[in-house]
Amino acid sequence: MKRLFVGNLPSSTTEKEFEALFSEYGTIRSIQLITDIFTDECKGFGFIGMEGHEARAAIAALDGKNFNGNSLRVGFESPKSGRRG
């Protein structure tokens, strides 16, 4: 399974819309829309888990696509670098 990072989502995006956007490219294994804990609005990004070939098809179709007025950024999730605390 590949995990995709999806950025530049509008704050009005719902999990249902987020899922519908990607479901036409394959089976969604996991979904995580990052929301503000106080307002419950989308913080502008999320993650989708899909199989490799389906993930590549979703990237090809959706990266740069206009979604509710915003140009989406879709790509494979980058490994986290070590954080200093």
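**Figure 1. Contacts across the whole chain, and its overall form.** Of the contacts (heavy atoms within 4.5 Å) between residues at least 6 apart in sequence, 62% join residues at least 24 apart. The structure is a predicted model, in which local features need pLDDT of at least 70 and side-chain atom pairs count only at pLDDT 80 or more, while totals for chains, interfaces and linings use all residues. Residues are numbered from 1 along each chain as its sequence is written, and side-chain values use heavy atoms, with hydrogens and water left out. The chain holds two helices and six strands, where helices (H or I, at least four residues) and strands (E, at least two) are DSSP runs numbered from the N terminus. Read from the N terminus, the order of elements is β-α-β-β-α-β-β-β. The radius of gyration, taken over C-alpha atoms, is 13 Å, close to the 12 Å given for 85 residues by the globule rule, so the chain is as compact as a globular protein of that length; the rule is 2.2 Å times the number of residues to the power 0.38. Along the principal axes, the C-alpha atoms fill a box of roughly 35 × 35 × 20 Å.

**Figure 2. Burial and surface of the chain.** Of the 85 residues, 35% count as buried; buried means under 20% relative accessible area, exposed over 50%, and partly exposed in between (1.4 Å probe, protein chains only). The chain exposes about 5500 Å², of which carbon and sulfur atoms supply 46%. Accessible areas come from the Shrake-Rupley method with a 1.4 Å probe, and for residues only the protein chains shown count as cover.

**Figure 3. The salt bridge between Glu-77 and Arg-3.** A salt bridge is a side-chain nitrogen of Lys or Arg within 4 Å of a carboxyl oxygen of Asp or Glu, and by this rule the count comes to two. In this view the side chains of Glu-77 and Arg-3 meet at 2.9 Å, N to O. Glu-77 lies in the segment after strand S6 (73-76) and Arg-3 in strand S1 (residues 2-7), so the pair ties together parts that are 74 residues apart in sequence. Both partners are partly exposed: Glu-77 has 29% relative accessibility, and Arg-3 has 31%.

**Figure 4. The salt bridge between Glu-51 and Arg-29.** The N to O distance between these two side chains is 3.2 Å. Glu-51 belongs to the loop between strand S3 (42-50) and H2, and Arg-29 to the loop between helix H1 (15-23) and strand S2 (30-35), so the pair ties together parts that are 22 residues apart in sequence. Glu-51 is partly exposed at 28% relative accessible area, and Arg-29 is partly exposed at 48%.

**Figure 5. Glu-54, a buried residue without a salt bridge.** Glu-54 is placed in helix H2 (residues 52-62). The nearest side chain of opposite charge, Arg-29, is 5.2 Å away; Lys and Arg count as positive and Asp and Glu as negative, whereas His and the chain ends are not counted. A polar atom of the Glu-54 side chain lies 3.3 Å from the backbone nitrogen of Thr-27. Neighbours within four places in sequence aside, Glu-54 is in contact with Tyr-25, Gly-26 and Thr-27.

Figure 6. Gly-44 counts as buried at 14% relative accessibility. With neighbours within four places in sequence left aside, Gly-44 is in contact with Val-6, Gly-7, Asn-8 and Leu-9. Gly-44 and Ser-12 are 32 residues apart in sequence, and their C-alpha atoms are 9.0 Å apart in space.

Note on methods:
Polar contact = N/O pair within 3.5 Å; in protein donor to acceptor, adjacent residues only side chain to side chain.
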